[in-house]
Amino acid sequence: MDVSAGLWAGTIAVLALLILADFFIGGRKPHEVSIKEAGIWTAVWVALAVLFGGFLWWYGGGQPAGEFFAGYITEKSLSVDNLFVFILIMGKFAVPRIYQQRVLMFGVIIALVLRAVFIAGGAALVSSFSWVFFLFGGFLIWTAWKLLKEARAEEEGEEDFEENRLLKSIQKRVPSTDQYHGTKLFVRENGRRLMTPMLIVMIAIGTTDVLFALDSIPAIFGLTQDPYIVFTANAFALMGLRQLYFLIGGLLKKLVHLSYGLSVILGFIGVKLVLHALHEAGVHVPEISIPVSLGFILLTLAVTTVTSLIAARKQDDSDEPEKIEA
């Protein structure tokens with residue numbers, strides 16, 4: 001799709017305005033986010049994504065619109081997996097509930113900026129070297145296998161969050177305090193300027209998301225090579241992540257088969273990328289169309305959700321007698 005500099009600038013300006021509106025309407029005053037509030041804002045962000053997909057349909061036709069929706073749904077489903085780690089981060093840094101929505105908002109903004117850098121780099125590679133699709137495809141298939149093994153592994157004890165090297169380096173070099181001071185990022189104590197846990201956890205959220213982007217960015221390039229669609233699909237998927245955290249945070253433990261579903265999706269897109277790379281190399285192989293990709297992704301997520309809820313319900317029923325005996 002031919003995207004002018006004006007459309008790029010206008011899109012970024014609109015996204016910035018939406019983020020500002022989200023901040024001033026729902027996130028300016030620290031508070032505990034209710035299920036109702038999270039549900040309304042989640043519906044708003046989904047509706048905005050649908051409207052944007054409609055705009056793409058009007059502007060460029062069904063192909064870019066289909067690519068956007070396939071990319072958006074894929075990024076959204078992969079982002080749900082991020083929420084497990086976000087919950088661990090919140091617990092690790094003991095973030096008070098009234099500040100969690102502020103942390104997530106700025107953490108997601110950091111993640112969006114870092115992802116934009118990744119997307120720019122990925123777009124440059126894709127446009128210059130067709131063989132990079134072999135690397136992306138192979139990486140996604142390996143990631144899918146690794147995710148499947150992790151899902152099948154029996155882990156004892158609760159999972160814990162491990163700080164990445166960048167975060168450890170910042171904490172080591174920048175003087176900080178262990179106490180929260182409202183929403184302040186820096187405070188001055190005894191003449192020293194100290195970084196608060198509020199800023200540390202924002203950096204943790206943003207930089208941790210980059211690790212997830214290592215598989216999600218190649219995944220969406222397997223659905224579309226248009227940088228504009230890749231960026232906007234990521235933007236809409238990430239911007240509604242804060243509300244989704246509060247809406248389904250308590251339900252995440254019930255999505256016991258989510259990792260299986262994501263591994264299937266990543267493996268499918270990896271195969272799609274390899275087939276595309278072979279086609280670009282002159283090998284006559286079938287290519288997977290966007291409608292087929294979109295249908296497969298939606299079906300996989302639907303089956304994963306249903307089987308997860310059934311498994312969780314059976315687990316609750318099996319635990320019930322133990323609770324009664326106790």
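Analyst: A helix is a DSSP run of H or I with at least four residues, and helices are numbered from the N terminus. This is a predicted model, in which local features need pLDDT of at least 70 and side-chain atom pairs count only at pLDDT 80 or more, while totals for chains, interfaces and linings use all residues. Residues are numbered from 1 along each chain as its sequence is written, and side-chain values use heavy atoms, with hydrogens and water left out.

User: Are the rings of phenylalanine 55 and tryptophan 58 stacked, edge-to-face or tilted?

Analyst: Rings of Phe, Tyr and Trp (its six-membered ring) pair if their centres lie within 6.5 Å, and planes under 30 degrees apart count as stacked, over 60 as edge-to-face and the rest as tilted. Here the centres are 5.9 Å apart and the planes stand at 40 degrees, so the pair is tilted.

User: Which kind of pair do tryptophan 8 and tyrosine 228 make?

Analyst: Tryptophan 8 sits in helix α1 and tyrosine 228 in helix α8 (residues 227–239), so the pair links distant parts of the chain, 220 residues apart. Tryptophan 8 is partly exposed at 28%, while tyrosine 228 is buried at 1%. With ring centres 5.2 Å apart and planes at 90 degrees, the pair is edge-to-face.

User: How many aromatic pairs does the structure hold?

Analyst: Some of these rings join up through their pairs into a cluster, whose members include Trp8, Phe55, Trp58, Tyr72, Tyr228 and Phe236. The count of aromatic pairs for the structure is 15.

User: Let's turn to charges. Which residue forms a salt bridge with arginine 242?

Analyst: A salt bridge is a side-chain nitrogen of Lys or Arg within 4 Å of a carboxyl oxygen of Asp or Glu, and the structure holds 2 of them. In this one the closest N and O atoms are 2.5 Å apart, and both residues are buried. Arginine 242 lies in helix α9 and its partner in helix α1 (residues 5–27), so the pair ties together parts 220 residues apart in sequence. The partner is aspartate 22.

User: Nice. Which residues does serine 293 contact, leaving aside neighbours within four places in sequence?

Analyst: Serine 293 has its place in helix α11, residues 290–325. The residue is buried, with a relative accessible area of 0%. Contact means heavy atoms within 4.5 Å, and apart from those neighbours serine 293 touches Leu223, Phe268, Lys272 and Ile288.

User: And which residues of α9 meet α4?

Analyst: The α4 side of this contact is made of Gln100, Gln101, Leu104 and Met105. Facing them from α9 are Arg242, Tyr245 and Phe246.

Conventions: Helices (H or I, at least four residues) and strands (E, at least two) are DSSP runs, numbered from the N terminus. Buried means under 20% relative accessible area, exposed over 50%, partly exposed in between (1.4 Å probe, protein chains only).
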